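Q: I am new to this structure. Could you show me how to read its features, one at a time?

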Amino acid sequence: MTLTRPAAIETALGKELGEELDRIRADIIAARAADDARYIRTVIAAQRSLEAGGRAALAVSLFPPAWAAGTAMLAVAKILENMELGHNILHGQWDWMGDPAIHSATWEWDFLTPAEAWKHTHNHLHHTWTNVVDRDRDLGYVVFRMSGDQRWRPRHLAQPLYNFVLAPFFEWGIALYDLEPDAVAAGRKSWRSLAADLTGFLGKATRQLAKDYVLFPLLAGPSALPCLLGNLTANTVRNLWSHTIIFCGHFPGDVQTFTEEYIDGETRGQWYLRQIQGSANIEGGPLFHILSGNLGHQIEHHAFPDLPSNRYAEIAPRVRELCEKYGIPYVTGPLWRQYGSTWGRILRFAVPGK
Amino acid sequence: MPELLALASRLLDVASWLTSPLTPDDYLGLIDPLLGARFPVGRVTGVWPETPDAVTLALRPGRGWAGHRPGQYLPVGVEMDGVWQWRTYSLTSVPGRQDGLLTITVKVTPEGRVSPQLARRTPPGTVLRLVPAQGEFVLPDRLASRILLVTAGSGITPVMGMLRTLMSRRPPHPDVVLVHSAPCARDSIFGSELHAARRRLDWLDYVEHHTRPHGRLAPDDLARLCPDWPERETWACGPAALLDAVECHWGRAGLGERLHVERFQLDPVLPPDHDAASGGRVLFTHTGVEVTADAVTPLLVVGESAGVVMPYGCRRGICFGCLTPLRYGRVCDLRTGEVHDRAGQMIQTCVSAAAGPLALDA
Ligand code: FES
């Protein structure tokens, strides 16, 4: 579904909208203070404690309740680590604290792909070109067709299947995707830089895999096998969860995509507009938002990718009000609905047609 | 004991495979910040006034502390409104004290932000960030037999670290003359301690010069107070005017070799804010390139057009792919007008312009 920009917004309103959103941004920047810093440090402490607790319980996981508790703690720890910590810190949301321990330039996460590679494809390519067909590789991650403006190929018939397979192996998918093999094929990336990225990936992945699938199971002695299964389960749960949140934040049926001509000469207000129309929110309680890295507020995240995540909830009503004022659709709904809608889209564009 | 420490650090290396991508320190630091070595900290254990506007803080350093030499200074990070602010203060304690504590002495700058916080609103228990002690203004291993120390204001602080170290050593002691300048006796940091030391120690002479009645300390005063100054190895620390005068005086006597000075203000003195609108000179420290920038051109563009290779991504403030450390100076965020001037801060160069002279590590 490609959008033609409404004429009213094209002109004066686009400017006004831009100014209003800039004001929200400035308000939050001025308000950031000790409470925000305390928030992120609390999440970090909680995540590390959960991870330590989970590992300890899995070390004696021959005992079934220990297995269940350990796996659950580790899964939650990994979800927090990727979503509320990794994703948001790597966006520079906490750089303002001037804390080298919580900074986009130094943070590394528990994910197969190195932070540096991910920052390039995600922060730079995806967030700059949000939902622009042929520019935003996240629009279908090279393998899916998510818009009628993307050319249909026979392999897209199988995309419902790809999605089934991708979900539990999401971090593998992202790691491969971050290597940008498609860019090498298209001549936009050199073999040499692919080789360098590959080395970085292998180094990182070795450590991550050794930790979960060799070292901790070995340390667990007689509990080696349940420990390994616990780690595998935790990683899989994390992958399923992050895949769900990310797909539901970008691909429900009403989310718009854009052409390159459309963004030609885009103003700041129009940039905001594209971010808002190219994202979808997921409704839920505070715990849901923390576990989703506050990406349930995907619209606010895309408009303000570098504002601290704990502030999105307070920004959301203001953004929504502006959307109502200017007649901009604000795509939001509970998780089950966004999930169903995302699957609908995957199925719809698997076959040729607009 | 050293074998034990070596073993412990080997174990931590191995354990890092279990904590990857974090380090064992990140977990130890959760139990007690002092246990983490990755980002060394010190915990305030005591705070006491020295003069109406100078305060000493005692710190218990954590595992990451690597020690210091007498005379060195310490960059200290203080958290204020969620932001870590860094300032440097001289270490006034003897290295390797029995109780393991460090002391820094903070002179309060009334219009400052960090020193009043440190001096007045830092209760015991507060955790401060530390980085390794720095500076070449130190007591050498082989001491001269006669020494002159010249200080003014808070310039006494590094020298106090040296003197206390000498006092803690066994004889023989060098013959030391300390000439210290302060507005009046009440404002003389460590005044009573030094007077008492002079009465007790035959190798120390302490002279206070008060500027309220007598004006600034001048080289002529030094010649009067310490007639054998040319024969002494000299350390001087204080405001620039005093140091300039001393350097000039020693230089003229051909004794520049025997003079060691410490200037607190190492970075260029910046013009006040209202010059911001006109941009400034930008130095790229790694490449040595220096160019003039206006107040509206992003520093990324400034650097690139001068041939500096700079990191970048989106070029529009979204991706944080252009972060570059600010060495010193002031930059302005073109989107918000926010001014950043914290040394060491990472700057988004694609949306920041010069707001006065500055240096970037690129
Ligand atoms: S280049 Fe993307 S934020 Fe500066």
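Q: Which strands does helix 4 of chain B lie across?
A: Start with the terms. Helices (H or I, at least four residues) and strands (E, at least two) are DSSP runs, numbered from the N terminus. Contact means heavy atoms within 4.5 Å. Axes are lines fitted to C-alpha atoms, for helices over the stretch in contact, and angles run from 0 to 180 degrees between N-to-C directions. Here, helix 4 (residues 156-168) of chain B lies across strand 7 (146-152), strand 8, strand 9 and strand 10 (233-237) of chain B. Its angle to strand 8 of chain B is about 155°.

Q: What should I know about the model and its numbering?
A: The model is predicted: local features need pLDDT of at least 70, side-chain atom pairs count only at pLDDT 80 or more, and totals for chains, interfaces and linings use all residues. Residues are numbered from 1 along each chain as its sequence is written, chains are lettered from A and ligands numbered from 1 in the order in which they are written, and side-chain values use heavy atoms, without hydrogens and water.

Q: Where does helix 5 of chain B lie?
A: Helix 5 (residues 191-200) of chain B lies across strand 8 and strand 9 of chain B. It runs at about 145° to strand 9 of chain B.

Q: What is the strand order in the five-stranded open sheet of chain B?
A: Two strands pair if DSSP finds at least two bridges between them. In this sheet the order is 9-8-7-10-11, and the pairing is parallel. Strand 9 (204-210) and strand 11 (259-262) of chain B are the edges, each pairing on one side only. From one strand to the next, the twist averages 15°.

Q: How many bridges link strand 8 and strand 9 of chain B?
A: Seven bridges, in the parallel sense, pair strand 8 (residues 175-182) with strand 9 of chain B. B:Leu178 stands opposite B:Tyr206 in strand 9 of chain B.

Q: Is the pairing parallel or antiparallel in the six-stranded open sheet of chain B?
A: Antiparallel, with the order 4-3-6-1-2-5. Its edge strands are strand 4 (83-90) and strand 5 (102-107) of chain B. The twist averages 40° from one strand to the next. Six bridges join strand 2 (residues 54-61) of chain B to strand 5 of chain B. B:Ala58 stands opposite B:Thr103 in strand 5 of chain B.

Q: Why does A:Trp172 count as partly exposed?
A: Buried means under 20% relative accessible area, exposed over 50%, partly exposed in between (1.4 Å probe, protein chains only). A:Trp172 has 38% relative accessibility, so it counts as partly exposed. A:Trp172 lies in helix 6 (residues 170-178) of chain A.
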